[in-house]
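Me: I am new to this structure and would like to walk through it with you. Could you take my questions one at a time?

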Amino acid sequence: QVQLVESGGGLVQAGGSLRLSCVASGSFFSINAMGWYRQAPGKQRELVATITSDGNTNYADSVKGRFTISRDNPKSMVFLQMNSLKPEDTAVYYCNADIWSRQGFANYWGQGTQVTVSS
């Protein structure tokens, strides 16, 4: 069974930094695109950043220049380095990945990790 597990969330003051990690576990053949999404209270889930298997990245305008997405393919991991954090970055952050396994091609979500930025 394929799972995505996030870590690295927490409470930080405005202007601070956090690094989120996500690892894919279970039995699978390969991982295509990976990404991070977030959902603030009362709002819809939104894209933060994505990265393809060969390293091409895409960012939401609101995080460009502050956040950096990266991945470690041999370890099946994706990271989100978040700098210059703002209170409006407060949300539950979810890892997402497109994964090939015996069950076919499917999109997976992690359970989420809370990021809280205090002013």
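Predicted model: local features only at pLDDT ≥ 70, side-chain atom pairs only at ≥ 80, totals over all residues.

Me: Where is Ser76, and what is its phi near?
Reply: Ser76 sits in the loop between strand 7 and strand 8; helices (H or I, at least four residues) and strands (E, at least two) are DSSP runs, numbered from the N terminus. Its phi is positive, in a residue other than glycine, with a value near 55 degrees.

Me: Which loop holds Ser84, and what is its phi near?
Reply: Ser84 belongs to the loop between strand 8 and strand 9. At 40% relative accessibility, Ser84 counts as partly exposed. Its phi is again a positive value in a residue other than glycine, near 50 degrees.

Me: How many strands does the protein chain have?
Reply: Read along the sequence, the pattern is β-β-β-β-β-β-β-β-β-β-β. There are zero helices, and the number of strands is eleven.

Me: What is the radius of gyration of the protein chain?
Reply: The C-alpha trace spans about 45 × 25 × 20 Å along its principal axes. The radius of gyration is taken over C-alpha atoms, and the globule rule is 2.2 Å times the number of residues to the power 0.38. For 119 residues that rule gives 14 Å, and the chain comes close to it, so it is as compact as a globular protein of that length, with a radius of gyration of 14 Å.

Me: Why is the disulfide of Cys22 and Cys95 called left-handed?
Reply: The handedness follows from the torsion about the S-S bond. The disulfide is left-handed because that torsion is about -80 degrees.

Me: How many salt bridges does the whole structure have?
Reply: Side chains of opposite charge can pair when their charged atoms come close. A salt bridge here is a side-chain nitrogen of Lys or Arg within 4 Å of a carboxyl oxygen of Asp or Glu. A search of the whole structure finds four.

Me: What is the N to O distance between Arg38 and Asp89?
Reply: Arg38 lies in strand 4 (residues 30-39), and Asp89 in the loop between strand 8 (77-82) and strand 9 (91-101), 51 residues apart. Both residues are buried. Their side chains meet in a salt bridge with an N to O distance of 2.9 Å.

Me: Which parts does the pair of Arg66 and Asp89 tie together?
Reply: The side chains of Arg66 and Asp89 meet in a salt bridge of 2.7 Å, N to O. Arg66 is buried, and so is Asp89. The parts tied together are 23 residues apart in sequence: the loop between strand 6 (57-59) and strand 7 (67-72), and the loop between strand 8 and strand 9.

Me: Which residues are linked in a network of salt bridges?
Reply: Glu46 also forms a salt bridge with Arg38, the closest N and O atoms being 2.7 Å apart. Glu46 is partly exposed at 36% relative accessibility, whereas Arg38 is buried at 6%. The network links Arg38, Glu46, Arg66 and Asp89.

Me: How far apart in space are Thr90 and Lys75?
Reply: Thr90 is found in the loop between strand 8 and strand 9. Thr90 and Lys75 are 15 residues apart in sequence, and their C-alpha to C-alpha distance is 28 Å.

Key. Residues numbered from 1 in each chain as written. Heavy atoms only, no water. Buried < 20%, exposed > 50% of the residue type's maximum accessible area, 1.4 Å probe, protein only. Disulfide = S-S within 2.5 Å.
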